[in-house]
Amino acid sequence: MDTVPILPTDYQQICTLKSEELLEKFKTRIGGLDPNEVTKREKLYGLNVIHKRNINLLSMLLRQFKDNPLLIILIIATSVSYALGQQVSSYYIFAMILLSVFLGLWNEYSAEKTVDSLLKKISRTALVVRHDEKMEIPLSQLTIGDIVLLTEGNIIPADLSLIETKNLEINESVLTGESATVYKNSNPLKSSPSGISAMSNIAFMGTSVDTGSGKGVVIGIGKNTEFGKIAKSTLYIKPETDFQLGLANFGRLLVKVILIMTIAIFIINSIMVGRAFLESLLFALAIAVGLTPELLPVIVTVSLSHGAGKLAKKKVIAKQLISIENLGNMDILCTDKTGTLTEGNIELTDIYSEEGKKDQSLLQKALLCNSAFIHHKVIGMGIDAAIWKYAQKNNINLPQNANRVDEEPFDFRRKMMFSVITIGGETLLLVKGMPESILQLCNNGINKSKLKEKLLSLSRNGLRTIAIGEKKIAKKDSYSWDDVKNMAFSGYITFRDTPKITAKEALQKLQHLNVRIKVITGDNEIVTEKICREVGMNFSDIVTGDKLEGITDTMMEEIVEKTDVFARVTPDQKLAIISAAKRKGHTVGFLGDGINDIPSLRNSDVGISVNTAIDVAKEASSIVLLHKSLDVIAEGIMEGRRTFTNTIKYILMGTSSNFGNMFSAAGASFFLPFLPMTPLQILLTNGLYDMSQLSLPTDNVDRESLIKPRHWNINFIKDYMLFFGPISSLYDFLIFGIMIFIFHAQGALFQTGWFIESIATEILVVFVIRTSKTPFFLSKPSKWLAFTCLGIVATGIVLPFTPLSFPLGFVTPPPLYFIILIFLVLSYLFLVETLKKIFLKKYSF
């Protein structure tokens, strides 16, 4: 391999090559590339990436205007105003618009950076042969000519020409849209295929291994793959969640209100009152902007990214920020017991022959019928990895003259796997799996009833067991499950997975959050019950998979509602349990990491996996745990509920005081000979209010808001707006009367007096509305929220005393005004606090 190959683009021609011709064409060999060759090819072909996740500031900037078209109209109207000579006020309106755009841009950019850094924590690797050794390498380091090994659950890491296959079926729906799997083999085609679907000896990047195994040569990487030509990203799944639908419904409600009010205010001011056309238009648009909670996307994004950052420190990665909120809605979590209720560190304890005597020699057979392997460390899952670790610790190696000629991976329906071995001139079929499955195949005169009694005793002690069977078999080209019969029982091996010390506390935490845990496992019911009891789970019955066969959907729903522990279930039954819970109105989360978990991960409301899971499991999930633990899931649930609560706080504040103030401005403009506030002052009020709320995502949340899921209730928001909005307007009209009848205010003084009162009441009421507790000071706000709110109120009061007062249209109010202001603000907060208790009682808060 002195020269690197020229990168071919004609897959049709490659399909017709024999394995030897393929290896020659790509200047590689079965034993893989050597390190020097890898370095050369990486320099020539680049990294195996479709595209880098770039953060486009220009796109973000344009999105600020796309998401808020009122800003575009306001810019046009202000530009006309500037051209007609109102330069000074136009400058300040432009400044307020830029401030609003900057806040949205900065927060979206921060959130994108957060997601980018989180996704880098999720590892994606490929299993290759290099320099005659198996090794795991980062996906991006694959290069042309690499030899890649494929097993169940793998996402194909690059375009591969297959040179070996074993019952290999691949799901190509990401390319073709067809859900049915495609059978693949390594046979060269006799003629050039007409399209992708006919390329039976090529595995395409982005597709996934459904069953079987294989080996292939990398023929295309990154953008040069078929997937790279059509895929924009394989990392993002953006489902329409309950939270997103709630936001959308709220948005539609606002659009209707804003549209009606804007048109009405403009028509009344310009036609009925007789004000100038441009002045009326700017005033109506300023009212519309004031009514628009333009910071809502920012508040949601900041809340989610703030929560994502906190969870990342606890080893929980949200692949999409919105999935944090999904966690908060969850009220059922379905999970296996391994790694959640137990330490997940399975240890081999003993090895027994068919007579029940300890027999170390049986371990070699378990090594030969095994899907794990060693490359510097043991690479594999569960029991197979535990067998290898025990062998390493006790210096037990594979027989030197043993050669594995065939293998069928673990079948979840049969609950076993088999291997075919040649050793000492003989061919041996080995089968390994659940004892009850192996015993059904064996007829070598063993006392099955006595053995079952022994296995039952081991299960009662919390030990898991696997059995091994064997038989001599004739040598032939291929083997199948039809050959697995008339076996001789060889013995059994026991394992222990210690209950997790933190599991009991984590279960209690989830119980306090009103989240039910449903343990769904393929293990037997005796071991499952012992583990569940040890970690403090309370349940009356365990339902096994055989009781779920052939039952109706209604019966399944009844069982799921009253049962929390399921054992000996198949992947299909696992999915049926989740579907039944969803039909009963529950928000269901599922924690899984294996190939048999994929349907459940995809169909649950919240798919959760771990960083050590197979590729397809991580791809199907929205949450990835760097450390498998129920405790960190509980933290995620609380973060989701904090996010929802703080988002609702902003909406309720905006629909009460903010709406009230804008209604007041619209109403006052109909009877006053001047505008109650200039368009600039309205935008300034809105901008200062928005700045005071930027720290809302950091706010503390009352424990009462965390103990159960909360969902969108548009009727609640409407009622809140109609109940508290008029109270805000009442105090606005009180200040109108005070300014006119006590201070005889006109123009600038009136506008200054209302501006200060509006800022004070609109922002300080935050401390009352942010909590359902009465009195409100029993709930402590975050330091940042208190600082920003009080700081912005102080800024609003000080502005009329600064050099900015003249260009903003303010004058200095008399001292008596501030005495009256204190009385008004305190009485307003007291009234809202009193009525809040009455209102919330209606909704059972």
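## Surface patch, cores and open sheet

Phenylalanine 670 is partly exposed, with a relative accessible area of 35%. The structure is a predicted model. Phe670 lies in helix H23, which spans residues 630-671.

The patch in question is nonpolar and covers about 680 Å² of surface. Alongside Phe670, its members are Leu259, Ile263, Ile267, Ile271, Met272 and Val273. Helix H9 (residues 242-272) supplies the largest share of the patch, five residues.

In soluble globular proteins, nonpolar side chains tend to be buried together. The largest nonpolar core has 76 residues, and Ile287, Met739, Phe755 and Tyr817 have the most contacts inside it. Its largest share, twelve residues, comes from helix H25 (residues 714-742). A second, separate core has 66 residues, among them Ile322, Ala581, Leu591 and Leu630.

With neighbours within four places in sequence left aside, Met739 is in contact with His744, Ala745, Leu749, Phe750, Gly753 and Tyr817. Tyr817 is also one of the residues with the most contacts inside the largest core.

The model also contains an open sheet of eight strands with mixed pairing, in the order S8-S23-S22-S21-S9-S18-S20-S19. Strand S8 (316-318) and strand S19 (543-544) are its edges, and each pairs on one side only.

| Strand pair | Direction | Bridges | Bridge partners |
|---|---|---|---|
| S18 (residues 516-520) and S20 (residues 565-567) | parallel | two | Ile520 and Phe566 |
| S21 (residues 588-591) and S22 (residues 606-610) | parallel | three | Leu591 and Ile608 |
| S22 (residues 606-610) and S23 (residues 623-625) | parallel | three | Ser609 and Val624 |

Five of the five residues of S22 are buried. The cover extends to both faces of the strand: Val606, Ile608 and Val610 are buried on one side, and Gly607 and Ser609 on the other. Each side of S22 contains a residue with a bridge partner named above: Ile608 pairs with Leu591, and Ser609 pairs with Val624 in S23. Leu591, the partner of Ile608, is included in the second core of 66 residues.

Methods
Residues numbered from 1 in each chain as written. Predicted model: local features only at pLDDT ≥ 70, side-chain atom pairs only at ≥ 80, totals over all residues. Heavy atoms only, no water. Patch = residues over 30% accessible without salt bridge, like charges linked within 9 Å, V, L, I, M, F, W, Y side chains within 5 Å. Areas by Shrake-Rupley, 256 points an atom, 1.4 Å probe, with all protein chains shown as cover. Salt bridge = Lys/Arg side-chain N within 4 Å of Asp/Glu carboxyl O. Helix = DSSP H or I, 4+ residues; strand = E, 2+ residues; numbered from the N terminus. Buried < 20%, exposed > 50% of the residue type's maximum accessible area, 1.4 Å probe, protein only. Core = buried A, V, L, I, M, F, W, Y, C linked by side-chain atoms within 4.5 Å. Contact = heavy atoms within 4.5 Å. Pairing = 2+ DSSP bridges.
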